[in-house]
Amino acid sequence: MANLNFPKNLDIQPSTFSFTKDPPNGLYSLYGHESQKQAIEQYGIAGRVWEAAYILNIYLDPPRNLDFDPPFLHEARRCGSIRIIELGSGSGMIGINIASSLKPHLGDLLLLTDLPEVCPLIKSNVEEASKDHSLSDLVHVRPLAWGNTEHVDRIKSDLIHGQKPYIFAPFTHILCSDLIYFPELLAPLLRTIIELSFHPIAGPKIQVLISYKIRSLLKESPFWGAFGLWFIYEPVLVREKLSDGSLSSWQRYGSAFEGPMFIFAARRRPESLKWIIPSDDRDLLSGFGAYGTMCPKSDDTFETLLLMSLDDTE
């Protein structure tokens, strides 16, 4: 397979920062224009910070004047340690930004993943950020190619605890930032999310957060049609604390940004933990295996949410 980080006629420019407050750990220098430019030259698409990453950053580390529904970490923290895995971490900006919100002494864990050839970029940026704040006990980098079950199994084996090797300590969150674009990667991405969110006890509690910018509905819609069969999901909402102390009305987060852009919060359908995942990518994207039947089907949640978001802009 061709290197998808360097598609034919690649011509992309560094993106612009969009933080609502100063980011920690020197992210401006790590992900400024010149740093991104150099990373793009060496790592292609993976070296650029994509637009939906910025709105996810705000959600994961919000300013005081914004409330989100659902809030990040609130429910999971009440249950104990936070264990986060990010897919397609690229240059690692998301992970480095939220690391300051996590607590190693409570057993928190942050796992950043990408293709093996991209991991050196993540490690380099984590090491650079660690000069101001030690991340070595909290942030770990692992190779994970979407659809690669061996990579998933290796990650799960690192999380085994107790005397029951078939039960791994589950993640509390799976993060996906601006990953839905190449049609040939939609099924492998979905397969990896399904595999990582499987746990006989905690499966329905694992939260999947997906930041998404629409670029081609025709190419990207099949992912959502299949994703909604396995997961229940809804858009993140936001409201602002106004200067007079009152609160604005709730609105879909991302509606104020060019795109349109969304953040979806998802959890596994409890019944899906018993379904058989088809081995063929085309079958998985066509809905085979969902609801226990080997026939094509599709979920319309995304279309409904999209129509609702269009109504909101009128």
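**The salt-bridge network and its surroundings**

Tutor: Start with one group: Arg48, Glu51, Asp178 and Arg215 are linked in a network of salt bridges. Keep in mind that the model is predicted. Side chains of opposite charge can pair when their charged atoms come close.

Arginine 215 and aspartate 178 form a salt bridge, with their closest N and O atoms 2.7 Å apart. Arginine 215 sits in the loop between β6 (207-213) and α9, while aspartate 178 sits in the loop between β5 (173-177) and α8 (183-196), so the pair ties together parts that are 37 residues apart in sequence. Aspartate 178 has a relative accessible area of 4%. The cut-off for buried is under 20%, so aspartate 178 is buried.

Now follow the chain into helix α9, residues 217-230. The helix has 14 residues, which at 1.5 Å a residue should span 20 Å; the end C-alpha atoms are 20 Å apart, so the two values agree. Its buried residues are Glu220, Phe223, Trp224, Gly225, Ala226, Phe227, Gly228, Leu229 and Trp230.

Arginine 191 is buried, with a relative accessible area of 7%. Aspartate 281 is partly exposed, at 31% relative accessibility.

The side chains of arginine 239 and aspartate 67 meet in a salt bridge at 3.5 Å, N to O. Arginine 239 belongs to strand β8 and aspartate 67 to strand β1; the two residues are 172 apart, and the pair links distant parts of the chain. Arginine 239 is partly exposed, with a relative accessible area of 23%.

Strand β8 (residues 237-240) and β1 pair in the antiparallel sense over four bridges. Leucine 66 has glutamate 240 as its bridge partner in β8. Strands of a sheet pair through backbone hydrogen bonds, either parallel or antiparallel. The sheet itself is open, with three antiparallel strands in the order β1-β8-β9. β1 (66-69) and β9 (251-252) are its edge strands, and each pairs on one side only.

How many salt bridges are there by this rule? The count comes to nine.

The asparagine 97 side chain makes a polar contact with the side chain of asparagine 57, at 2.6 Å. Asparagine 97 is buried, with a relative accessible area of 1%.

Last, the setting. The protein has eleven helices and ten strands. It has 314 residues, and 52% of them count as buried. Among contacts between residues at least 6 apart in sequence, 75% join residues at least 24 apart. The accessible surface comes to about 15,000 Å², and 53% of that belongs to carbon and sulfur atoms.

Definitions and conventions: Residues numbered from 1 in each chain as written. Predicted model: local features only at pLDDT ≥ 70, side-chain atom pairs only at ≥ 80, totals over all residues. Heavy atoms only, no water. Pairing = 2+ DSSP bridges. Buried < 20%, exposed > 50% of the residue type's maximum accessible area, 1.4 Å probe, protein only. Contact = heavy atoms within 4.5 Å. Areas by Shrake-Rupley, 256 points an atom, 1.4 Å probe, with all protein chains shown as cover. Expected span 1.5 Å × (residues − 1). Polar contact = N/O pair within 3.5 Å; in protein donor to acceptor, adjacent residues only side chain to side chain. Salt bridge = Lys/Arg side-chain N within 4 Å of Asp/Glu carboxyl O.
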